[in-house]
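Reader: I would like to learn how to read a model like this one, feature by feature. Please take me through it.

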Amino acid sequence: MRGTGGATDGALMMHAGLSADAMDAIGARFGGLLDETEDQAGVSAALKALEIDAACVRRCAGFDHGNRVRCEIARAPGWVLLAMFWEETASPIHDHCASECGFRVIEGELEETRFACAGDDLARAVATRRLRVGDFTKTPGSTIHQLGTPQGVAGARAISIHAYCPALCLETMGIFEATDPERAAECGGVLDVELSEE
Ligand SMILES: [Fe+2]
């Protein structure tokens with residue numbers, strides 16, 4: 001496993017920096033999802049129910065101002081679990097190719113902007129929202145979005161946990177340019193979806 005090495009339990013690999021409680025919780029929630037089957041609903045439900053907080057992942061990675069730090073904390077044949085550390089930064093506008101992505105904020109706040117496809121590699125901002133500690137959502141692979149710390153907030157930090165099923169392929173995921181970057185930055189529409197339903 002990438003990083004500092006990991007603990008293995010058959011098909012399940014975990015980052016050695018995880019707290020013991022986190023390892024136990026991941027084993028309990030994801031232990032039934034270790035075969036090759038890509039049970040997207042099951043993986044997202046496991047993340048939604050996972051007992052994990054920021055203290056559990058602090059020794060796995062850290063913040064890097066202006067960049068998001070992606071740290072693989074657990075992996076099985078059909079899915080991967082990442083911790084992301086954000087400090088005054090945002091992801092590119094992207095989709096998830098064939099992967100469903102469930103994610104939860106466990107520290108700070110994130111801003112999510114959703115986009116509609118507007119042609120080859122172009123996307124138009126539709127709505128934005130704040131995600132706070134405990135908020136969970138999931139997005140099918142076709143969803144186009146951007147995540148980041150709230151704009152204009154100096155020193156803003158957040159940590160989130162993301163479950164991708166199957167594991168996200170960074171080489172094939174779609175990356176988009178905003179049709180109107182200012183609109184994307186200021187988009188104040190309200191997403192018409194409930195956090196718990198997505
Ligand atoms: Fe995403």
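Author: Start with one residue. Aspartate 121 sits in the loop between β7 (110–117) and β8 (122–131). Helices (H or I, at least four residues) and strands (E, at least two) are DSSP runs, numbered from the N terminus. Residues are numbered from 1 along each chain as its sequence is written. The model is predicted: local features need pLDDT of at least 70, side-chain atom pairs count only at pLDDT 80 or more, and totals for chains, interfaces and linings use all residues.

Reader: What is the phi of aspartate 121?

Author: Most residues other than glycine have a negative phi, and most peptide bonds are trans. Aspartate 121 has a positive phi near 60 degrees. Glutamate 88, also not a glycine, has a positive phi of about 45 degrees. Glutamate 88 lies in the loop between β4 and β5 (93–94). For the peptide bonds, look at cysteine 165 and proline 166: a cis bond joins them, with omega about -5 degrees. Proline 166 belongs to the loop between β11 and β12 (175–178).

Reader: Is aspartate 121 buried or exposed?

Author: Count other C-beta atoms, placed from the backbone, within 10 Å: 20 or more is buried, 12 or fewer exposed, in between partly exposed. Aspartate 121 has 11 such neighbours, so it counts as exposed. Glutamate 88 has 18 and is partly exposed. Glycine 152, in the loop between β10 (144–148) and β11, has 8 and counts as exposed. The C-alpha atoms of glycine 152 and glutamate 88 are separated by 8.5 Å, although the two are 64 residues apart along the chain. Across the protein, buried residues make up 39% of the 198.

Reader: How many helices and strands are there?

Author: Four helices and twelve strands. Take strand β6 (residues 100–108): eight of its nine residues are buried, so the rest of the structure largely encloses it.

Reader: Which strands do bridges join to β6?

Author: Strands pair if DSSP finds at least two bridges between them. Eight bridges join β6 to β11 (residues 157–165), and the two run antiparallel. There, valine 105 stands opposite serine 160. Four bridges join β6 to β9 (residues 136–139), again antiparallel. Glycine 102 has lysine 138 as its partner in β9.

Reader: Which residues of helix α1 are buried?

Author: In α1 (residues 20–30), they are Ala22, Met23, Ile26, Arg29 and Phe30.
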